[in-house]
Amino acid sequence: MTSVAHATPAHGEAHHAPMSFWRKYIFSTDHKIIGIQFLFVSLFFLLLGGLLAMQIRWQLGFPGKPMPGGGILPESMVVNGVILPEYYIQLVTMHGTFMVFFAIMPLLVGVYANFLIPLKIGTHDMAFPRINMWSFWLALLAGLIMLAGFFVPEGAARAGWTMYAPLSARPDLSGASVGQQLWSVSIVVLGLSSVLGSVNYITTIINHRAPGMTWFRMPLSVWALFITAILAVLALPVLQGAAIMLLFDQTIGTHFFDPVAGGQALLWQHLFWFFGHPEVYILILPAMGMVSDIIANGSRKPIFGYHSMVFAIVGIAFLGWIVWGHHMFMSGMNPTLGSTFMVSTLLIAVPSAIKVFNWMGTMWRGNLRFHVPMLNAVAFVSMFTIGGLSGIFMAATPVDIPIHDTYFIVAHLHYVLFGGSLFALFAAIPFWYPKMFGRMMDERLGKIHFWLTFVTYNLVFFPMHIIGMGGQMRRLYDPTLYNFLKPQQPLNEFITIAAFALFATQVIFAFNFLWSLKKGKKAPANPWEDNGLEWSLPNPAPHGNWERVPNVYRGPYEFSAPEAGNADFLPQHVKLATDKEPAGRLER
Amino acid sequence: MTHATATADMMHPPVPAEPGSGVYSNKLGMWVFLASDVMFFTALIGSYIILRFGMTDAWAAPGAVLNVPLTAFNTFLLICSSVSMVKAYAAIADGKKYFLRPVPGKVLRDGGLKFWLLVTIICGAMFVGVQVFEYIKLVGHGFTPTGYREGSLVAEHALSDPIRYGAVTGAMYGSTFFTMTGFHGFHVTCGVVSMLYLYFTKVLPEKYSAQDYRGIETIGLYWHFVDLVWIILFTIVYLI
């Protein structure tokens with residue numbers, strides 16, 4: 001490596017032999033290819049989850065009316081175009097499962113942890129590239145096992161995405177045996193995939209940072225992904241353990257969750273939510289991290305309160321371990337315990353508010369550039385705030401008693417998962433698209449997509465607060481069966497029509513994404529004028545990233561710094577006359 | 001991409017410009033993985049504790065259903081394998097790649113990596129073998145994951161002495177026992193398979209040296225962890 005005197009990023013490294021198509025794009029160990037593989041697979045599952053949601057909305061808006069296109073579904077699901085209750089419960093179960101485990105989680109962690117970590121900390125690849133490849137293939141396998149549920153007799157799992165026992169544990173109660181078992185198997189495989197991936201992210205971030213990339217020069221996206229990986233490594237095995245016990249209950253006749261034989265149904269809820277609440281932060285922290293990067297970029301200002309942002313991430317992650325009981329206030333758990341969980345849950349508002357105020361402080365008097373990623377990032381902040389505030393309602397035990405398991409909960413979780421995580425992804429995908437594919441997504445289509453999504457999204461999910469307060473139950477098959485819900489039915493129809501509009505709007509995004517792959521504008525070297533290390537590479541980044549990893553001289557948010565002269569940004573790898581070389585650089 | 005020359009000491013990699021954890025990545029990765037495995041066993045053992053002590057009825061007395069002396073021997077085997085793993089680690093750290101070598105003036109010969117890792121593999125495999133034997137015996141007597149099989153030997157005993165055999169809690173006993181020990185056995189099996197793989201691909205071709213024995217140290221960490229889990233399981237499942 002002594003021959004590389006000048007650090008011009010060339011095409012790949014000389015010692016990499018040319019690889020076959022299969023090694024390069026299918027069984028690749030390159031972190032960027034694995035990230036892109038995750039991107040395509042999880043966007044497919046996102047689309048699938050959306051299709052399931054549309055069927056749910058049809059049934060809720062127009063119960064008993066034949067669903068357009070319902071004729072192509074078999075008699076076991078749809079009769080005369082009308083969704084059967086047995087199929088409806090599969091829809092809500094699999095919509096939740098696919099969106100949480102196979103769309104949002106891999107989109108945030110699988111795609112962006114893989115793609116961004118080595119590029120942003122300045123290394124050639126992950127610490128364990130082959131384990132990384134396994135992580136992707138196991139995730140895909142888990143997704144296919146889950147999908148197979150729809151094609152077995154009796155259909156997919158039916159106990160809700162939370163799989164509460166004993167309904168999930170006993171086929172005689174749920175009416176589905178193979179579908180339930182496939183759910184458990186899939187979750188065990190997915191857990192293994194997540195743990196393998198997270199071991200990789202943690203090791204890479206600790207051991208493989210470029211010279212000068214100190215802990216507090218890391219971008220917040222990397223910080224968030226690091227903390228997320230720690231959460232995943234510790235939380236997923238608990239879900240795996242629970243899913244294994246559930247699987248044994250379903251197959252070999254153990255009785256962990258069956259009270260009739262001495263098991264405990266509440267045990268499942270404790271295990272599930274002990275995993276489930278850290279999981280909530282696995283689904284939002286990477287979004288927060290990437291939004292922080294994008295907001296600083298769009299505001300042309302250093303992020304406000306960088307250190308407090310880092311400590312807020314750590315604080316949220318820590319508190320995430322001691323709040324799981326707030327999902328179980330009405331489960332029959334000891335009410336005294338409920339008060340404890342209420343207090344610990346309300347505490348999370350503090351680090352969350354720190355983050356929201358810091359984002360606003362970053363934008364305050366900034367030289368704002370409302371490009372598509374920035375628009376979506378700002379939408380993230382506002383929608384996450386609404387979702388966070390409705391979270392305080394249900395964290396308070398007295399308020400939770402009437403609203404638990406109603407559409408208020410559905411509204412809340414969609415405000416944080418769609419309004420939060422998905423808007424962050426609509427920001428992140430165009431932002432790093434040029435780094436992935438060398439082309440830009442279309443700005444005009446992006447803006448149309450953003451505004452239509454932002455409006456229709458609020459038309460869909462905001463009224464859900466109201467019908468939830470009105471008492472409409474979550475996972476309800478037919479609201480018109482209850483007299484007290486009948487006055488709300490026009491609102492349900494309205495939500496359904498808005499939901500169809502929201503879904504149709506995503507066609508713009510899909511078209512923009514696919515069209516830009518081949519026809520998009522060629523990306524300039526640093527299209528967003530950003531400071532991250534990834535922009536020191538050509539677009540798309542070559543295999544092996546840098547021939548010689550760059551030195552890092554400063555943090556990632558030096559926008560509008562006076563030292564930069566005429567430019568309003570100062571990349572991390574650019575050496576000014578006043579900068580000292582990082583101590584003791586060694587070739588790695 | 002690592003481009004270390006053959007003489008570089010991989011066990012103590014040069015401190016990079018941006019200091020990481022100070023240990024090489026394989027070892028760090030294994031520690032992180034073990035942290036996740038701790039959580040996995042915590043889920044299983046925690047559920048066992050909650051289910052067992054949440055019961056109002058008596059749980060089977062220690063040794064009533066399970067063969068404690070046999071498992072004590074098995075525990076001894078696994079502890080021996082941990083010792084031999086340490087010996088394998090110490091041998092290669094001293095650069096002893098050989099199997100056995102005579103020591104002048106002594107009857108016993110000096111063991112190298114090839115010897116001690118083989119001892120570890122054999123002890124681990126014997127542990128799994130004894131566990132399979134134990135399972136077959138238990139199921140034969142009527143102790144199954146679903147509880148005490150009707151009409152079996154254990155079920156008859158439970159009828160005559162419901163307190164000692166935990167007649168009411170048999171279903172939970174079977175569920176927790178087979179799940180916990182089964183997943184521990186699975187971990188041991190994975191360890192034995194990994195060590196066999198290393199033995200044929202790295203140890204016999206003498207790829208390890210005093211400068212680089214990362215594979216041995218990493219699998220050693222895993223092996224000691226699995227041993228530690230068994231000591232906990234043996235205590236709480238068999239002895240109390």
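**View 1. Overall build of chain A.** Chain A holds 17 helices and 2 strands. Its radius of gyration is 24 Å, close to the 25 Å given by the globule rule for 588 residues, so chain A is as compact as a globular protein of that length. The model shown is predicted. Along the principal axes, the C-alpha atoms of chain A fill a box of roughly 75 × 50 × 50 Å.

**View 2. Burial and contacts within chain A.** Of the 588 residues in chain A, 57% are buried. Take the contacts in chain A with a separation of 6 or more: 82% of them join residues 24 or more positions apart.

**View 3. Where chain B touches chain A.** The contact involves 33 residues of chain B and 43 residues of chain A. On the chain B side, two or more residues come from each of α1 (25–53) and α5 (170–203). Helix α1(B) gives the most to this side, with 15 residues. By class, the chain B side has 19 nonpolar, 12 polar and 2 charged residues.

**View 4. A:M133 and its surroundings.** A:M133 sits in helix α4 of chain A, which spans residues 129–148. It has 21 C-beta neighbours inside 10 Å; the cut-off for burial is 20 or more, so A:M133 counts as buried. Neighbours within four places in sequence aside, A:M133 is in contact with A:F27, A:S28, A:T29 and A:I34. A:F27 lies 106 residues from A:M133 along the chain, yet their C-alpha atoms are separated by 7.0 Å.

Technical notes
Residues are numbered from 1 along each chain as its sequence is written. Chains are lettered from A and ligands numbered from 1 in the order in which they are written. This is a predicted model: local features need pLDDT of at least 70, side-chain atom pairs count only at pLDDT 80 or more; totals for chains, interfaces and linings use all residues. Helices (H or I, at least four residues) and strands (E, at least two) are DSSP runs, numbered from the N terminus. The radius of gyration is taken over C-alpha atoms; the globule rule is 2.2 Å times the number of residues to the power 0.38. A residue is buried if 20 or more other C-beta atoms lie within 10 Å of its own, exposed if 12 or fewer, and partly exposed in between; C-beta atoms are placed from the backbone. Two residues are in contact if their C-beta atoms, placed from the backbone, lie within 7 Å. Ala, Val, Leu, Ile, Met, Phe, Trp, Tyr, Cys and Pro count as nonpolar, Asp, Glu, Lys and Arg as charged, and the others, Gly among them, as polar.
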